[in-house]
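Subject: Structure handover

Hello,

Please find the structure below, with the sequence. My notes on what was found in it follow.

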Amino acid sequence: MRIERKEERILITVSYKSLEIRGIPLEYGYLFRDRFLEFFHGLCERFFVERLNLLNLRQKRQKEIDAGATPRFCPETKTIRESGWIVEPIPNDLLDRRVEITGPPDRKMIINALNSGANCFMADFEDSMSPTWNNVLSGHDNLYDAVRRNIDFTSPEGKRYTLNEKTAVLICRPRGLHLEESHSTFGGEPVPAAFFDFALYFYHNAASLLRSGTSPYFYLPKLQSHEEARLWAAIFSYAEDYFYLPRGMIKATVLIETIHAAFEMHEILWELRYHAAGLNCGRWDYIFSFIKTFRNRGPAFVLPDRGEITMDKGFLRAYSELLIQTCHRRGALALGGMAAQIPIKNDPKANEEALAKVRADKEREARAGHDGTWVAHPGLVTLAREVFDEYMHGPNQLHIFRGDIAVTEKDLLAVPKGLETIEGLRKNIAVSLRYLTAWLQGNGCVPVSNLMEDAATVEISRAQIWQWIRNHAILQNERGDKIPLTKKMFLHILRDIYSKLFLENKSQSYRNALETAKTLFESMCTSKEFDEFFTLRAYRYLD
C-alpha cells in the first residue's frame, strides 16, 4: 500500500499481483481490502483477454456492415431459436416489475428512489452517472450502506432522508464492456469498467442481499452479441463459485439497445439461461445504435428528427414487439422503455400535456404485453402504476405470447418516415451542450426542457448530426423552406447556441466546461471517422 496527500485528502494505492488500484480516498479504502483484491484479480485474470477479443469482434462486424452486409438471424443458432427451452425460474421479488425507477447512485437519489413506491430501482453507474472517480467510489459506498439499510442524507436546509420500511428491489447497472476504469490496471492496462463495477457491488453486497431475502441483481448495458452474454454468464458463474453460491443466484436483465442484439435475443437469453430475468427496450440507445451501425451506408438509412422516431413506427415497433414475443416464449420478463418526463410545477397546462404523453406511452407498452416500464422521476411512479394496474391484472404478462406477430429481418431494419428539420438540429445541439457541460462537471442526470436526460441523448443527437452532414440532408425550416445542411451551417448554429448558453451562467467553472463541451461536440459531429461512443473520448476530461 502507498499513501499520498492531495488537496487535503489522503489517497492510497493498493495492489495484488498484477492488479493495481490508485488514488483511493482513505474513506473508501475499506472497499479494497485483500480478499476483494484477490477476487477482482481472479476475475480479470480469467476474462480480461476474452473481453478484448469480443471488442475486436465488434469492429470486425462493423467492417462487414460497411462493406454491404446487413444484420440477420444467425443460421448457426437456428436450433436455439426454434427449440422449446425456457430460462431458469425468476425470483419472487422480480416477478412483479410493473414500475421501475432509474438514476445514478447518488445518496439522496438512492433513498428517494427506494422510497418512491416503484417495484425496482436501478442504480446506474452507466448512462446517468458522470463517471468521475469520486462518483464511482461514492456510488459503491452509498450502495454498501443502502443494502444494509444504514443510508441517510441531510440536505443543506436540514431535511433528513431515511429509508421507509418497504423499499424497491435494488438492481445495479455496471458500465458497458467498452469502457475502462483508468484508476485501476491489470498487467499495466486499464481494467474494464464493467468488471470493476460488478466486482465491487457483488463482492461487498451479495451476502447481505441474500440475508435480507433478495439477491444480487444486475442490468447489463450495450451488449452486441450472444458471445458477450456468454462472457457475462461466465463472470456470474465465477462469482457464484467463489462464494460457494448455487448457480443462478445472480440474475440479470439485458438492455436490448443495439441493433445487433435485437437479432440475437433468443441466443442472449440462452447464454444467460441460468441467470436471465428479462430483456429491456433501451429506445434512445437503440436509435443511436441504428445510426452508428449504418453510418457508412448512405441516405437510405438516414433518420428523421429524433422526436419523430417513436416506438409505434418502423424498426422500433418491430424490435419492441419481437422482444415481448421472445421473452414470454422463454419465460423471461419484457420491460418497456423510459418515460423521461419530469413534473412541471409552474405550468399546469404543460404538466398536463407531459403526463398525457407518459400515459399514452405506458398504455401502448401495457397493451402490447410488456411486464413493466421505466420512469426517471418519483413523481411519475403513481401514473405508470395506474396504467399497468389497469391493463395488467397479475404480476406480469408472461401468458401473452404475441403469436399474432411475425417480425422479419426487413421489419427490424425499417426506417420510419418523417422530416429532418432545422428545429430538430437546434434541439440536438442545445440539449447536447447543456448535458455535456453538466457531465463534465460531474452530473450525469440532467433536467433539460422538462426531460431528465442522460448520456444516450448526446449519443443519438451527435450521431444524427454526423449522419445528416455526411449525407447532405435537406432540412426544413418553420416556413417549409428546404435547406441543405452543410458543415458551415452546423458550425454557425453551434456557435449561436453556445453564445447564448455562455451568457446564461457567469460561473467560470461552468464556462470552462461549456467550452470543452462545445469543442468535443463540434469534433464528434464533423470528424471524418465516427466516434464509437462519446464517453471513450470524454473520459480523459474527468478526474
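In these notes, contact means heavy atoms within 4.5 Å. The model is a predicted one, in which local features need pLDDT of at least 70 and side-chain atom pairs count only at pLDDT 80 or more, while totals for chains, interfaces and linings use all residues. Residues are numbered from 1 along each chain as its sequence is written, and side-chain values use heavy atoms, with hydrogens and water left out. Helices (H or I, at least four residues) and strands (E, at least two) are DSSP runs, numbered from the N terminus.

Five strands form an open sheet in the order 1-2-3-9-10, with antiparallel pairing; two strands pair if DSSP finds at least two bridges between them. Strand 1 (2–6) and strand 10 (189–192) are at the edges with a single partner strand each, so one side of each has no neighbour in the sheet. From one strand to the next, the twist averages 40°. Angles here run from 0 to 180 degrees between N-to-C directions, and axes are lines fitted to C-alpha atoms, for helices over the stretch in contact. Strand 3 (residues 19–25) and strand 9 (residues 180–186) run antiparallel and are joined by three bridges. Glutamate 20 is opposite threonine 185 of strand 9.

Helices on the sheet

Helix 1 packs on the sheet and touches strand 2 (9–16), strand 3, strand 9 and strand 10; its direction is at about 95° to that of strand 10. Helix 5 lies across strand 3, strand 9 and strand 10, at about 55° to strand 10.

Helix 4 and helix 5

The axes of helix 4 (residues 133–147) and helix 5 (residues 193–211) come within 9 Å and cross at roughly 15°. The two helices are therefore roughly parallel to each other, a term used for angles under 35 degrees. Among the residues that meet are Trp133, His140 and Tyr144 in helix 4, and Phe196, Asp197 and His204 in helix 5. The residues of this contact divide into 10 nonpolar (Ala, Val, Leu, Ile, Met, Phe, Trp, Tyr, Cys and Pro), four polar and one charged (Asp, Glu, Lys and Arg count as charged, and the others, Gly among them, as polar).

Phenylalanine 73

Phenylalanine 73 sits in the loop between helix 1 (34–66) and helix 2 (78–82). Its relative accessibility is 21%, so phenylalanine 73 counts as partly exposed (between buried, under 20%, and exposed, over 50%, with a 1.4 Å probe and protein chains only). Leaving aside neighbours within four places in sequence, the contacts of phenylalanine 73 include Arg81, Phe263, Leu322 and Thr408. Threonine 408 is 335 residues away along the chain, and the two C-alpha atoms are separated by 9.1 Å.

Regards

Definitions and conventions: Parallel < 35°, antiparallel > 145°, perpendicular 65-115°, else oblique.
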